[in-house]
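Student: Before we go through the terms used for this model, could we look at the structure together and then take the labels one at a time?

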Amino acid sequence: MFSLLKTRPKARKPAPPETRTLDVAGRLMPLTIKQHDRATRITLRIEPGGRALKMTVPKGLAAREVDAFLDRHQGWLLTKLAKFSTDACLRDGGEILFRGLSHRIQHTGSLRGLTEAVSIDGRPVLRVSGMEEHVGRRIAAFLKKEARAELVKLATMHAATIRAPIRSISMKDTRSRWGSCSSEGNLSFSWRIVMAPPSVIDYLAAHEVAHLREMNHGPRFWALCKKLCPGMEEAKSWLKRHGSQLHAIDFD
């Protein structure tokens with residue numbers, strides 16, 4: 001006697017995301033369109049830094065509806081993208097934030113020398129040497145160095161307060177998050193945070209160190225984070241308002 005065994009139908013693989021380039025008033029933006037089974041409406045998001053767009057649509061939505069949605073939201077995109085600078089003014093006479101203060105960039109004209117933040121006639125100035133076409137790279141190298149020194153100092157101080165060991169500290173240029181903490185005790189920070197005010201830099205260090213004790217974002221985590229950084233709420237608010245602008249600067 002034979003019995004028929006019912007076989008479960010194989011789950012269909014989700015459709016791969018569609019990628020295209022969207023022209024927003026002459027500004028070409030990479031666009032990723034992803035279908036989602038649970039999506040009931042179209043959502044459009046500007047990625048951190050304002051360099052790309054991400055769209056989530058209901059499964060099976062017709063291409064013409066996607067196009068119509070994009071056409072209707074050209075004005076919204078123009079307004080939102082206006083705050084993202086495509087020209088970071090990384091040249092002689094331009095401006096760059098460092099520790100929350102706007103510094104005027106002064107290219108020294110010398111091929112050798114250190115990049116340094118100084119005060120000239122009471123005005124914050126960032127003096128940059130090297131070839132003029134390398135000013136952006138020299139500034140990025142300076143910011144990375146300063147970020148490492150500051151964040152290592154702050155993270156070590158906060159870790160000592162809660163008696164939590166740090167295995168390693170690294171600097172990265174992540175766009176999706178400002179920092180991370182692994183279960184092994186490895187901390188990672190975006191060096192761009194050094195452009196923010198000192199209180200915001202301190203908050204980021206406290207945030208990731210708090211994860212050494214609480215690997216979540218529950219009430220106990222936030223209580224510990226606030227204990228380490230009493231100005232937490234103000235710092236979070238600053239990052240929410242200005243963080244994307246820091247990501248938008250292109251140093252290359």
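**Labels and their grounds**

Tutor: Let us begin with Arg 163, which is exposed, with a relative accessible area of 73%. The model is a predicted one.

Student: Why is Arg 163 called exposed?

Tutor: The label exposed is given over 50% relative accessible area, and Arg 163 has 73%, so it is exposed. Arg 163 is found in the loop between helix 3 and strand 9 (168–172), and its phi is near 55 degrees, a positive value in a residue other than glycine.

Student: Why is Arg 99 called partly exposed?

Tutor: Buried means under 20% and exposed means over 50%, with partly exposed in between; Arg 99 has a relative accessible area of 26%, and therefore it is partly exposed. Arg 99 sits in the loop between strand 5 (95–98) and strand 6 (101–107), and the phi of Arg 99 is near 55 degrees, again a positive value in a residue other than glycine.

Student: What makes helix 3 oblique to helix 4?

Tutor: The axes of helix 3 (residues 135–162) and helix 4 (residues 198–210) come within 9 Å and cross at roughly 45 degrees. Angles under 35 degrees count as roughly parallel and those of 65 to 115 as roughly perpendicular, while the rest, apart from those over 145, count as oblique, which means that helix 3 is oblique to helix 4. The crossing of these two helices is right-handed.

Student: Which residues of helix 3 and helix 4 meet, and how is their contact made up by class?

Tutor: From helix 3, Glu 150, Leu 151, Leu 154, Ala 155, Met 157, His 158, Ala 159 and Ile 162 meet Ile 201, Asp 202, Ala 205, Ala 206 and Val 209 of helix 4. By class, this contact has ten nonpolar, one polar and two charged residues.

Student: Why is helix 4 called oblique to helix 5?

Tutor: Helix 4 and helix 5 (residues 219–228) pack at an angle of about 140 degrees, with their axes 9 Å apart. The label roughly antiparallel is kept for angles over 145 degrees, so helix 4 is oblique to helix 5. Helix 4 passes helix 5 in a right-handed crossing.

Student: What residues does helix 4 bring to its contact with helix 5, and which do they meet?

Tutor: Tyr 203, Ala 206, His 207, Val 209 and Ala 210 in helix 4 are in contact with Phe 221, Trp 222, Leu 224, Cys 225 and Leu 228 in helix 5. Sorted by class, the contact of helix 4 with helix 5 has nine nonpolar residues, one polar residue and no charged residues.

Conventions. Residues numbered from 1 in each chain as written. Predicted model: local features only at pLDDT ≥ 70, side-chain atom pairs only at ≥ 80, totals over all residues. Heavy atoms only, no water. Axes fitted to C-alpha atoms, helices over the stretch in contact; angles between N-to-C directions. Helix = DSSP H or I, 4+ residues; strand = E, 2+ residues; numbered from the N terminus. Left-handed = near helix turned anticlockwise from the far one by under 90°. Contact = heavy atoms within 4.5 Å. Nonpolar A, V, L, I, M, F, W, Y, C, P; charged D, E, K, R; others polar. Buried < 20%, exposed > 50% of the residue type's maximum accessible area, 1.4 Å probe, protein only.
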